[in-house]
Amino acid sequence: PKTIFLSDYTPYPWTVDSVDLHFTLDPHATRVRSVIRFAPNPAFTGETPKTMFLHGEQIKLISAQIDGAALDPDLTGEGLTCAVLGGSFTWESEVEIDPANNTALEGLYMSNGMYCTQCEAEGFRKITFYPDRPDVMSVFTVTVEGPHPVLLSNGNPVVTENHLAKWHDPWPKPAYLFALVAGDLVAHSDSFTTMSGRHVDLNLYVRPGDEGKCAFGMQALKASMKWDEDVYGREYDLDLFNIVAVDDFNMGAMENKGLNIFNSSAVLASPETSTDLNFERIEAIIAHEYFHNWTGNRITCRDWFQLCLKEGLTVYRDSQFTSDMRSAPVKRISDVIDLRGRQFAEDQGPLAHPVRPESFQEINNFYTATVYEKGAEVIGMLKTLVGDEAYYKALDLYFTRHDGDAATIEDWLKVFEDSTGRDLAQFKRWYSQAGTPRLSVAHSFELDTLTLTFTQQTPPSAATPNPLPQVIPIAVGLIYPDGTEALETRVLEMTKATQSFRFTGLEDEPVPSILRGFSAPVVLTHDLSDADRAHLLAHDTDPFNRWEQGRMLARKSLLAMITEGADPDPAYLAGIHKVASDTTLDPATRALMLDMPSEAELATVLHEAGTTPAPAAIYAAREAMAEARADAFADVAADIYAANTVNEAYQPNADQAGRRVLGNAMLAMITRRDDGAQAAAQYDSADNMNQQLVALALLVGAGKGDEKLQAFEKQWQDDRLVMDKWFGLQVSKAKPEDAAATARRLTEHPAFTHTNPNRFRAVFGALVMHHAGFHHVSGDAYTLLADWLITLDPLNPQTTARMCSAFQTWKRYDSDRQAKMLAEITRILATPNLSRDTTEMLTRIKG
Ligand code: DPP
Ligand code: ZN
């Protein structure tokens, strides 16, 4: 496979002034006619080429013409080349494609009888011949002919007849934002009036039978539209905004202009079928895709190396939205848990790459936690450094200056430099260096002065062998021994490898509260005594750092249990007992204080500390801790459970969800002591999926779930999304020694199908996230996963390659596990005709 480099970028020699597409739909022989107007690109400085290359893959060329003259282009598997004269010209072609056999779910494909598309990143080239690169932006007019009641494309409708619809999108866009949908669909409709008074029709299209799962998504869309006006001053720009739910989809959702296409799991919701977490995730994804209309669509990326330009910013924007809609501290803490679980692991292993990568073979492999989540952290740091007012001023300039552009990270940073006068040359290292900086701090106190001395160091990686010091915004506060605040949050700007900051005029020696709000994505080492941590846990005014201190106590106790066979720390148990019982705190915060570091997080921490993680020991320590917690809470668990029971009608809001999550944390403890009686009662009386599913999971985990599993299957066998939960839960709640066998058994279930990414991920995503199960010493899970990756790769390379990241941590483990994982990696790599996606992933992982 060919490697593509950022440094090789050159502009395309032509602009595309307009694109006319005509689709005649047929499952196996869809015809696509195109009329494309090319003109010389003034930004192209080289000599005008004598030939033109157009991307095109897996499409049959029927005919091609330039300015009406028939051509016979040179065809390869990647596209075509033909001779061109200077000046402007019109390209016309007709091609044939086979959507029914498109199992890769890229380009035009079929899902349950409906047609749909996925063109990001490079799917449009499977639809017709085209310069399929994001810096080629054009105005599209699309005609769709087919025997379906609903025929959709981007933009506004121009003609709607029986079996024919014509759409026009006035906004120039790259081909990756093209979309087409056709099928027997029903609409849940509403409308929105924008801040300037424009009326926008809103539709959520679903398959008949799913009408009852649309209301929440529609509300979330309207809330997103309003929020982007209020906070960023961004207004919607078409007469129509459509969302379509599709069952077979590789990603969560796609921000096609005016026609978002969603994985049904990321949009369909009802109290009976969705958990609280489902609702929160759906709200966030709808917002994310909607926000792309400005950050992604109106301003797009020059090339795929700039992916974080739209994704980091849009993730940042959707996290702000969730913070505003729900609880800001809860959102921040949840995001940090996620970052540490996924992005830190990526940054620590062979897949480490900068937020803006400098080379790739298959761009689909770079839709990563680093590009998305670390990319969002970088935006957050920038905002912390310049302040809120300057941030929104810079964003206004960004939208004004770059509207209609295919932009770069350089453009983005220049906007901040121009509007704030700052030099961001060093800050840019956050985009160009891989690896998570290690930040350590020492503090000393003399007379009335506290000195904090920070040292930063980023471990070298293959992607960044010689990392340089980064700009680290460190939010700091100081808390006096009596619990009062000595210093409100102040942001220190660290730029050197080692740097000291002094705080004078203090009345007493304070406890420093460092990295408030997790102000930078670093690994912080701060040698605070347990007593100081307990002090911050009780008095810190920063909610994140309060939580963090509890987390550190939990981590420390678990690590001592894992590596030294220690008992659970009674001080930690007493601490969480106190917080969980504190009714002055909101239930969601109390529940977060109870959350234990995951096995994967503990493995990452152990690896960082130079210890080989032993999966069984990690699992056993968490189990022992869970038992100790059940004992410690025996006196209050039933009361807290009862006090947090929600008796009102189910609402997916933060308040009710917080009570449920705290109550269910108690139920988990109760289930360890009552043989599952309370969980069974909750299951039987549940009128919503959240309470039903949690109860089922606890029963299965306790080995008492067989009867309810059968009942659940019978109740929900016709609901795909609920059945995905049923599949996943059995794997994630299996004992480590049974996880692989459970997954294998489920692949034999008649409802298992590996061609549906949601179902495949339900089983195998759960297996790879079951740390002790996946890494069970037998190696059975490694082999099972490899078998299925080999099976799926020829059908769906994108989902296969993504799942390969399960092996990214292979070098952390003992030599026996290493050998077993390496054998599977090697076996997959030896498969004939392995996809480019999977080949690149495993080659990088193998190292
Ligand atoms: N649809 C994916 C996302 O929104 C890729 N753009 O992140
Ligand atoms: Zn996105």
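Helices (DSSP runs of H or I, at least four residues) and strands (runs of E, at least two) are numbered from the N terminus, and the expected span of a helix is 1.5 Å times one less than its number of residues. This is a predicted model, in which local features need pLDDT of at least 70, side-chain atom pairs count only at pLDDT 80 or more, and totals for chains, interfaces and linings use all residues. Residues are numbered from 1 along each chain as its sequence is written, while chains are lettered from A and ligands numbered from 1 in the order in which they are written.

Helix α1 (residues 215-232) has 18 residues that should span 26 Å at 1.5 Å a residue, and this agrees with its end C-alpha atoms, which are 26 Å apart. Just after α1, Gly-233 takes a positive phi of about 65°.

A residue is buried if 20 or more other C-beta atoms lie within 10 Å of its own, exposed if 12 or fewer, and partly exposed in between, with C-beta atoms placed from the backbone. Among the buried residues of α1 are Phe-216, Leu-221 and Trp-227. The elements against which the buried residues of α1 pack are tabulated here.

| Element | Residues |
|---|---|
| β17 | 186-193 |
| β18 | 199-206 |
| β19 | 240-246 |
| α2 | 276-291 |

Helix α3 is also packed against by these buried residues, and Asp-318 lies in α3 (residues 307-325). Asp-318 counts as buried because it has 23 C-beta neighbours inside 10 Å. Its C-alpha atom is separated by 9.2 Å from that of Glu-283, 35 residues apart along the chain.

Methods. Two residues are in contact if their C-beta atoms, placed from the backbone, lie within 7 Å.
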